[in-house]
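I opened my notebook to look at how helices cross and how charged side chains pair up. Here is what I looked up, entry by entry.

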Amino acid sequence: MSLVTIFSSVFCHKEPIVEELLARTSYRRVTDDDLTDLASQLSGIDQKKISAAFASKTSMFNKFTHEREHAIAWLRLAAAKTIMEDQILIDGFCAQLIPKTISHALRVCLIANVKFRLNCAEEEEGISKKDAMHRIRKADEKRSAWTSDLFRTRDPWDSSFYDITIPTDRTDVATSVQLIEDNLKSEVIRPTDKSWQQVNDFVLAAEVGVALANHGNNIDVSASDGAVTIEINKNVLRLHRLEEELKSAAEKVEGVKSVETSIGKEFHQADIYRKYDFDAPKILLVDDERKFIHSLSERLRIRDVNSAVAYDGESALAMLDEDETEVMILDLRMPGIDGIEVLKKVKQTRPEIEVIILTGHGSEDDKELCMSLGAFAFLQKPVKIEVLTETLKKANEKIERNKARKDADAE
């Protein structure tokens, strides 16, 4: 039977439609949680990191690590392997991962106007209209971010993504289910040998995508009967070298017969393509001297050490609540919360973060206090960049040892 995908937002009366459809068919429902679990098993990446791909806000470190794109690559592979089975219903964000090239997939979108959704929220969960509106906006923001990542458009309800769009505020459950069932009987989406080959192509493209992601590349991949095409959509300084690197990684994937690279329509945009390193430490620079901190950030970047910046202690602490900072390079003398207070709060709430003090006004007493509070190192401005990078290297080695010890204890 045909594959069914269902995509909707909150309070669109999706659940009774899906439940009735499952009751009237022998389909197996596969949710985002199911695919997150499978992606985690396939990759060895923690489930929380995989599910972070669905968040509306990207980590401030993602432009360096591309963890979100890495997670999506594994989710795509999980989805591809899942639809190798017959009679599958993909329900959720991951419905958007199924490519249009698979002709026996029926893509369904459930939508409703805001008034209807507010009423559903009140009926289903007894929450106020104000709270319901907040949840609706947050949910729609997540879906916009998701389609932006996948298709470079922030309109998740674009009709071109779907075969059927059902307005649930004007269509009851029975009619909605009947409409889906009627479309499933169409000759157009009936499975064929060709459409199952399209599934196999999707699996191979996803496997190549993961292989490239593991080499630090985020590249569009397609496949046709073992012939793989890699599309480069960002400008690159050494195109030939990148092409050879991508081909070498792709050719190692079982089932690949040939590899070609192509230049995508966005290749000539201003952004320069760079490989990413999702194992690199997440470094936060905290200093109120903006010129200095940007200069330091650039000097580190030249040495392949990427960092985010904060200009005061309050901002730095707020960032810790949203992102997984691993190393903080911290000035002592700042307006508002000074470096000593930031160090205390970090070590109280996030003791695993390694804090390197970098100051131009520190005394021996300051050094003694900072080290007693748990600072990893105490450096004076101006500091040689080689000294700082070596200190960062040692901090990262300590972080990796602690992670390994934690993993061993968990086993």
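**Entry 1: two helices crossing**

I began with α6 and α7, which are roughly perpendicular to each other, because their axes cross at roughly 115° and 65 to 115 degrees counts as roughly perpendicular. I was working with a predicted model. Helix α6 covers residues 114-125 and helix α7 residues 129-151, and their axes come within 9 Å. I noted the crossing of α6 and α7 as right-handed.

Next I asked which residues make the contact. On α6 I found V114, R117, L118, N119, A121, E122 and E125, and on α7 K129, A132, M133, R135, I136 and D140. I sorted the residues of this contact into 6 nonpolar, 1 polar and 6 charged.

**Entry 2: charged pairs**

I reminded myself that side chains of opposite charge can pair when their charged atoms come close. How many salt bridges are there? The count comes to 27.

K129 and E122 form a salt bridge, with their closest N and O atoms 3.2 Å apart. I found K129 partly exposed at 43% relative accessible area, and E122 partly exposed at 42%.

I then followed K81, which forms a salt bridge with E207 at 3.6 Å between the closest N and O atoms. K81 lies in helix α5 and E207 in helix α9, so this pair ties together parts that are 126 residues apart in sequence.

K403 and E400 also meet in a salt bridge, 3.8 Å from N to O. Both lie in helix α15, 3 residues apart, about one turn of the helix.

Last, I noted a network of salt bridges linking K14, E15, R29 and D91.

Definitions and conventions. Residues numbered from 1 in each chain as written. Predicted model: local features only at pLDDT ≥ 70, side-chain atom pairs only at ≥ 80, totals over all residues. Heavy atoms only, no water. Axes fitted to C-alpha atoms, helices over the stretch in contact; angles between N-to-C directions. Helix = DSSP H or I, 4+ residues; strand = E, 2+ residues; numbered from the N terminus. Parallel < 35°, antiparallel > 145°, perpendicular 65-115°, else oblique. Left-handed = near helix turned anticlockwise from the far one by under 90°. Contact = heavy atoms within 4.5 Å. Nonpolar A, V, L, I, M, F, W, Y, C, P; charged D, E, K, R; others polar. Salt bridge = Lys/Arg side-chain N within 4 Å of Asp/Glu carboxyl O. Buried < 20%, exposed > 50% of the residue type's maximum accessible area, 1.4 Å probe, protein only.
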